[in-house]
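I set out to record, entry by entry, what I looked up in this protein. I wished to learn which parts meet one another and how they are arranged.

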Amino acid sequence: MNIKRFVVFATVALAVASVVAGPKTAGKKGSKSAKSAQEAESEGPEARVKLDQFPKLGRSATLPAPSLEGSSSLGRVYTKPRQWIVLEAKYTTYDMLVDQLTFEWHVLLETKTATTKDKEAIAKRAPYSYFSQTVTYVNIPKGSHAASVCLHPSYLEQYGEPKAVGVVIKDANGNVLAGECESEVKGIASHPKNLEEAFWNNSKVMDAKTDSGDNMIERRQGLQDRSKTIWALVNPNDYELVIQ
């Protein structure tokens, strides 16, 4: 009889100990996870923004304009769709609200990939054309977002496809939060360890000469934030408010 009571007592004690130990263990794991999340958000400026997806290069970066046909007495000038250069980056913010983020874009087009049939005009142009643009977004909530710049079809036709692209994300104080560079151009490295070494900051690249002594890269204007183009009507919820 005493043995039975002992067995019952031991069984109950083990059950109680198991119940008590369970929540403690779970609590420790939960605390560790919560701590890791807090640490991730307090590591400094670099932890606030993450560049998730980089723009595509070459022909993959081109798209026909979205069709917005309406009634009109005027006929079309172009019967075939013209291709735009559309560069889009996706990123994540980890703060509940970020007041401001500035995206600096750097783009190189390769002349020999231009679609124009005017070979004489192509021969007179520099091998590459450089474009830059700065776009500032405000009131960015926590979560996933997109940023994008575009070049009108005439740039693809006259100056070619994007072969090197760089993106730098800065906060309101000018601190660099994230950035990347990808290139298909010989002599321009992808994924530089230091953005100060990226092609747009490298005078040896930007001021390079051809064998005939002409500029290898011609600086041009025309790169636009998507909100100023027809693309503003496509997936507008993916983008935050742009300040001019």
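**Entry 1: one residue and its neighbours.** I began with L101. Leaving aside its neighbours within four places in sequence, L101 is in contact with V49, Y91, T93, V135, T136, Y137, I140, I169, K170 and L177. Here contact means heavy atoms within 4.5 Å.

**Entry 2: the source.** I noted that this is a predicted model, in which local features need pLDDT of at least 70 and side-chain atom pairs count only at pLDDT 80 or more, while totals for chains, interfaces and linings use all residues. Residues are numbered from 1 along each chain as its sequence is written, and side-chain values use heavy atoms, with hydrogens and water left out.

**Entry 3: the overall plan.** I found four helices and nine strands in the protein. Helices (H or I, at least four residues) and strands (E, at least two) are DSSP runs, numbered from the N terminus. Along the sequence, their order is α-β-β-β-α-β-α-β-β-α-β-β-β. Among contacts with a separation of 6 or more, 74% are between residues 24 or more positions apart.

**Entry 4: surface and interior.** The protein has 244 residues, and 36% of them count as buried. Buried means under 20% relative accessible area, exposed over 50%, and partly exposed in between (1.4 Å probe, protein chains only).

**Entry 5: the nonpolar cores.** Which residues touch the most other members of the largest nonpolar core? I found that they are Y91, L101, F103, W105 and Y137, in a core of 34 residues. The elements that give two or more residues to this core are β1 (49-53), β3, β4, α3, β5 (161-170) and β6 (176-183). Strand β3 provides the largest share of this core, ten residues. Another core lies apart from it, with 15 residues, among them A164, V168, L195 and W200. A nonpolar core is a set of buried Ala, Val, Leu, Ile, Met, Phe, Trp, Tyr and Cys residues joined through side-chain atoms within 4.5 Å.

**Entry 6: aromatic rings.** I counted six aromatic pairs. Rings of Phe, Tyr and Trp (its six-membered ring) pair if their centres lie within 6.5 Å; planes under 30 degrees apart count as stacked, over 60 as edge-to-face and the rest as tilted. Why is the pair of Y91 and F103 tilted? The ring centres of Y91 and F103 are 4.9 Å apart and their planes stand at 55 degrees, so the pair is tilted. Y91 is buried at a relative accessible area of 0%, and F103 is buried at 0% relative accessibility. For F131 and Y155, the centres are 5.5 Å apart and the planes are at 85 degrees, so this pair is edge-to-face. F131 lies in strand β4 (residues 128-151) and Y155 in helix α3 (residues 153-159), so the pair ties together parts that are 24 residues apart in sequence. Both F131 and Y155 are buried. I also noted that Y91, F103 and Y137 form one aromatic cluster.

**Entry 7: a charge over a ring.** R226 lies over the face of Y239, 3.7 Å from the ring centre. A charge sits over a ring if NZ of Lys or CZ of Arg is within 6 Å of the ring centre and within 35 degrees of the ring normal.

**Entry 8: the partners of β4.** Two strands pair if DSSP finds at least two bridges between them. Strand β3 (residues 83-110) and β4 run antiparallel and are joined by 22 bridges; K90 stands opposite A146 in β4. With strand β7 (residues 217-219), β4 runs parallel over three bridges, and S129 stands opposite E218 in β7. Strand β9 (residues 241-243) pairs with β4 in the antiparallel sense over three bridges, where I243 in β9 is the bridge partner of T136. Strand β8 (residues 224-225) is antiparallel to β4, with two bridges, and C150 stands opposite Q224 in β8.

**Entry 9: positive phi.** Most residues other than glycine have a negative phi. N139, although not a glycine, has a positive phi of about 55 degrees. N139 is found in strand β4 and is partly exposed at 46% relative accessibility. N235, also not a glycine, has a positive phi of about 45 degrees. N235 lies in the loop between β8 and β9 and is partly exposed at 49% relative accessibility.
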